Amino acid sequence: MARSPFAPIVAPSILSADMAALGDECDAVIAAGAEWIHFDVMDNHYVPNLTFGPPVCKALAKRLADTHPDVPLDVHLMCEPVDELIRGFADAGAASITFHPEATRHVDRSLALARDLGCKTGLVFNPATSLEWLKYVLDKIDIIQIMSVNPGFGGQSFIPESLGKIAEARDIIDTVVAGTDREIRIEVDGGVKIDNIADIASAGADTFVAGSAIFGTDDYGQTISAMKQALAAG
Ligand code: DX5
Ligand code: ZN
């Protein structure tokens, strides 16, 4: 199995953070070593849960611009349809916006919209969704996000079959962008923990979303360090 050539990124999902203290929670995980902040947007339609929208993103982006301007907000849309929200989150300061291909009528147009608005973008693949969607849009993609749980909730168990799909995505990227300077990241989302992160990296991922595994612990620094040690050792 091939590994990613890119440095690993740990992206805590604030879905599992203390919602009454989101700004402080972001500062705390960044101080603990997080490279990205993962922002899970749920609409009670595409998924059976409801979180936050562009105004909350805007408030966090404003705060991060002051305290940690180098840390991007990675917006994961679990919403249907997506185009109006892509506009809203781009305006609210999202650095990247990913969405599920089943959630838009026109995947190519939605990817182009995010890019035209200055964001990185990519597709999110549910456990039963085929990577076939990628075939004709790879030139518009910065992130391939593999869901290793069914979307909608934090704290679920990693679905082991996801490892094969990560390896499949790695093969696609390595074939298509070999010899170019393009950076397409493989982001894995759901059930990522200290004890499986090395296997996930070995399958070819380089960007690791973790919600409950980080925010469910008392010492974020210790947890993120343990994740990075596991990645380095693997
Ligand atoms: C699930 C979300 C994930 C989730 C991950 O629908 O997209 O980002 O918060 O949570 P954990 O790490 O607890 O599985
Ligand atoms: Zn997510």
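## Terms and model

A residue counts as buried when its relative accessible area is under 20%, as exposed when it is over 50%, and as partly exposed in between, using a 1.4 Å probe and protein chains only. Alanine 28 has a relative accessible area of 29%, so it is partly exposed.

The structure is a predicted model, in which local features need pLDDT of at least 70 and side-chain atom pairs count only at pLDDT 80 or more, while totals for chains, interfaces and linings use all residues. Residues are numbered from 1 along each chain as its sequence is written, chains are lettered from A and ligands numbered from 1 in the order in which they are written, and side-chain values use heavy atoms, with hydrogens and water left out.

## The chain as a whole

The chain contains eight helices and eight strands. These are DSSP runs numbered from the N terminus: helices are H or I with at least four residues, and strands are E with at least two. The C-alpha atoms fill a box of roughly 40 × 40 × 35 Å along the principal axes.

Of the 234 residues, 53% are buried. Contact means heavy atoms within 4.5 Å. Among contacts with a separation of 6 or more, 65% are between residues 24 or more positions apart. There are 17 positive and 33 negative side chains, and the centres of the two sets lie 6 Å apart. Lys and Arg count as positive and Asp and Glu as negative, with His and the chain ends not counted; each charge is placed at NZ of Lys, CZ of Arg, CG of Asp or CD of Glu.

## Helix 1

Alanine 28 belongs to helix 1, residues 22-31. Seven of the 10 residues of this helix are buried, namely Leu22, Gly23, Glu25, Cys26, Asp27, Val29 and Ile30. They pack against strand 1 (9-12), strand 2 (37-42), helix 2 (54-67), helix 7 (212-215) and helix 8 (220-233).

Just after helix 1, glycine 33 has a positive phi of about 115 degrees. Alanine 28 is 117 residues from glutamine 145 in sequence, and their C-alpha atoms are 25 Å apart.

## Histidine 38

Histidine 38 sits in strand 2. Its relative accessible area is 0%, so histidine 38 is buried. Beyond its neighbours within four places in sequence, its contacts include Ala11, Asp74, His76, Gln145, Glu187 and Val209. Glycine 191 is 153 residues away from histidine 38 in sequence and 14 Å away in space, C-alpha to C-alpha.

## Aromatic pairs

Rings of Phe, Tyr and Trp (its six-membered ring) pair if their centres lie within 6.5 Å; planes under 30 degrees apart count as stacked, over 60 as edge-to-face and the rest as tilted. The structure has three aromatic pairs. One of them joins phenylalanine 39 and phenylalanine 89, edge-to-face, at 5.9 Å centre to centre and 65 degrees between the planes. Phenylalanine 39 is in strand 2 and phenylalanine 89 in helix 3 (residues 83-91), so this pair ties together parts 50 residues apart in sequence. Both of these residues, phenylalanine 39 and phenylalanine 89, are buried.

Phenylalanine 215 and tyrosine 220 also form an edge-to-face pair, with 5.3 Å centre to centre and 75 degrees between the planes. Phenylalanine 215 and tyrosine 220 are both buried. Ring pairs also link Phe39, Phe52 and Phe89 into a cluster.
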